[in-house]
Amino acid sequence: MGLSNIWLLVSCLLWTCLPQSQGTVYPRDILLKTPKFRRVWGGVQSNTGPNFGGWLLRILNGDGNFACGAAYYAPLLVITSANCIYPYRNSLEGATVEGTAFSECDRENYADIDSIQFPEKFVYQKLYMDVAVVRLRDPVRGRLTEFIRLCTVKVQPKMQMVVFGWGFDNTEVEIPSSDPRNVTVTIISVKECRQKFKSPKIASTSVCAKQPKNPKQCLYDGGSPLIYERELCGVVSFGSHCIDTSKPGMYTNIRRVKRFITETEEAINAGDVFRSTKVVKEKKKPPKKTIKPKSKPVKIRTVMVEPLVC
């Protein structure tokens, strides 16, 4: 390689490929076999500006409108709220997942949705097991795109976490932002959460957080991530609204549903969960290959998408 070519390459890396919203710039796009540990988010200290990290995604419906917030977990896997994505399960044609961080080198920063995996015990508009794993047709491209770790800490009262969103749940108070925002929330006890909601039942997979008093600071877009340090510890669940911040925000505790996520990943990698077909159907049977033979496997319900026939 000549000196002039080397200089052009260095110029690209130092100038052309600088992010529009600053953050870590990787040398190449994510591939199907990219190991998670090589592309994992290093926390806010790894960002160099307003970019929140290349793991923060948003799901767009077939019309191109905002549907849910999401977090990038593996090359073909995205984590979101089951309650949020469930209404779109039979209309996935044209639905995409889009990154929130871009560099000048990126030609595209989105991926089409292939199918959605729901826990078998999930019931729409209920809190228990409110999580979904979205399977993509291809990885989300982008030199800033990266994965986030699943929660390893026990979520306890008084812990402060950061939630992300765009304000689509708060349109009565403020116009949604085209760029993501974040706000710090404080975890509260189950007892206090029950008192606020005047309900004796809070799902064992849920966690509550005190909402900001100012509705304009509240962020509660379904499926949007709740993080602690550099780990995904929750996703915005169901049952709260920013218009009434006296009630706590309800989140799915990722640590409590982690087994479903990891077993779904292993089942997909083993070929026990297939890609979408021409027939819309629900797969209620557990994977043929038991991931953990010594314990009862988590059952997965798959919703396929019917391709558009021209």
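## Salt bridges in the predicted model

Side chains of opposite charge can pair when their charged atoms come close.

One of these pairs joins the side chains of Arg141 and Asp29, with a distance of 3.6 Å from N to O.

Because Arg58 lies in strand β1 and Glu98 in strand β4 (residues 96-99), the pair ties together parts that are 40 residues apart in sequence. Arg58 is partly exposed, with a relative accessible area of 21%, whereas Glu98 has a relative accessible area of 19% and is buried, since buried means under 20%.

The side chains of Arg137 and Asp114 also meet in a salt bridge, at 3.4 Å from N to O. This pair links distant parts of the chain, with Arg137 in the loop between β6 and β7 and Asp114 in strand β5 (residues 110-119), 23 residues apart. Arg137 is partly exposed, with a relative accessible area of 30%, but Asp114 is buried, at 0% relative accessibility.

## The nonpolar core

The largest nonpolar core has 77 residues, and those with the most contacts inside it are Leu136 and Ile261. The largest share of this core, 8 residues, comes from strand β2 (residues 66-74). When neighbours within four places in sequence are left aside, Ile261 is in contact with Tyr73, Ile79, Val131, Val133, Leu150 and Ile254.

## Phe147 and its surroundings

Phe147 is placed in the loop between β6 (132-136) and β7 (149-150), and this residue is buried, with a relative accessible area of 1%. Not counting residues up to four places away in sequence, Phe147 touches a set of residues that includes Ile30, Pro35, Val40, Trp41, Trp55, Tyr72, Tyr73 and Ala74. Although Phe147 and Ala74 are 73 residues apart along the chain, their C-alpha atoms are separated by 6.2 Å.

Note on methods: Residues are numbered from 1 along each chain as its sequence is written. This is a predicted model: local features need pLDDT of at least 70, side-chain atom pairs count only at pLDDT 80 or more; totals for chains, interfaces and linings use all residues. Side-chain values use heavy atoms; hydrogens and water are left out. Helices (H or I, at least four residues) and strands (E, at least two) are DSSP runs, numbered from the N terminus. Buried means under 20% relative accessible area, exposed over 50%, partly exposed in between (1.4 Å probe, protein chains only). Contact means heavy atoms within 4.5 Å. A nonpolar core is a set of buried Ala, Val, Leu, Ile, Met, Phe, Trp, Tyr and Cys residues joined through side-chain atoms within 4.5 Å. A salt bridge is a side-chain nitrogen of Lys or Arg within 4 Å of a carboxyl oxygen of Asp or Glu.
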